[in-house]
Amino acid sequence: MKKIFLALITVLVFSNCVTESQNNDILPYVQINETVDLSLPEFVNLNVPGGWAYGNGGIKGTIIYNINGNQFKAFERAAPHIQPTACSQMIVENSIIMKCPCDDSEFQIINGAPRTSGITNFAREYLVTNLNGTILRITNF
């Protein structure tokens, strides 16, 4: 009985942990539930590893990245370290960096990590589910 109780407490403690990329108090929470059809022309670049595309949903849209042909990442385009403004919609540069036009801060497209000194917030990441090889579902729930 003691072992079961200890295991239950351990599971509860670790299930409440959040990563740095999820814990972002600057950006407001918005629900996202988007479907991306990789056969559409605007997403043709997502059909190859290293390809990326802009998508809908979130605060200022999403940046979707193909990691290896089967796995994808999606990040919020609103810069994670400042309040959303007209200039805080990140853009992709050189297919590997997400950049904020407000202050030229940079984030890695592979994991959302900040590349600019002094910034600790990761780009907000959304969950991407590859439904059948041609349809992606992007959510935060």
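This is a predicted model: local features need pLDDT of at least 70, side-chain atom pairs count only at pLDDT 80 or more; totals for chains, interfaces and linings use all residues.
User: Which order do the strands of the open sheet of three strands have?
Analyst: Strands (E, at least two residues) are DSSP runs numbered from the N terminus, and two of them pair if DSSP finds at least two bridges between them. Here the order is 5-6-7, with antiparallel pairing. Strand 5 (91-93) and strand 7 (106-108) are the edge strands, each pairing on one side only. On average, neighbouring strands of this sheet are turned by 35° against each other, direction ignored; axes are lines fitted to C-alpha atoms, and angles run from 0 to 180 degrees between N-to-C directions. Three bridges join strand 5 to strand 6 (residues 97-99) in the antiparallel sense, and Glu-93 stands opposite Ile-97.

User: Which residues have a positive phi although they are not glycine?
Analyst: Most residues other than glycine have a negative phi. Ser-95 has a positive phi of about 60° and lies in the loop between strand 5 and strand 6. At 32% relative accessibility, Ser-95 counts as partly exposed. Asp-104, with phi near 60°, is found in the loop between strand 6 and strand 7.

User: Where does a glycine take a positive phi?
Analyst: Gly-57 does, near 90°, in the hairpin of strand 2 and strand 3, which has six residues between the strands. Strand 2 (residues 52-55) and strand 3 (residues 62-66) pair in the antiparallel sense over four bridges, with Gly-55 opposite Thr-62.

User: Which residues lie on the covered and uncovered faces of strand 2?
Analyst: Ala-53 and Gly-55 make up the covered face, Trp-52 and Tyr-54 the uncovered one. Rings of Phe, Tyr and Trp (its six-membered ring) pair if their centres lie within 6.5 Å; planes under 30 degrees apart count as stacked, over 60 as edge-to-face and the rest as tilted. The count comes to one aromatic pair: Trp-52 and Tyr-54, edge-to-face, at 4.9 Å centre to centre and 70° between the planes. A charge sits over a ring if NZ of Lys or CZ of Arg is within 6 Å of the ring centre and within 35 degrees of the ring normal. Arg-77 lies over the face of Tyr-54, at 3.7 Å from the ring centre.

User: How many residues does the largest nonpolar core have?
Analyst: A nonpolar core is a set of buried Ala, Val, Leu, Ile, Met, Phe, Trp, Tyr and Cys residues joined through side-chain atoms within 4.5 Å. The largest has 13, and those touching the most other members include Val-36, Phe-43, Ile-64 and Leu-136. Strand 4 (72-76), strand 8 (125-130) and strand 9 (135-139) each give two or more residues to this core. Apart from it lies another core, of 12 residues, among them Ile-63 and Met-98.

How values were computed
Residues are numbered from 1 along each chain as its sequence is written. Side-chain values use heavy atoms; hydrogens and water are left out. Buried means under 20% relative accessible area, exposed over 50%, partly exposed in between (1.4 Å probe, protein chains only).
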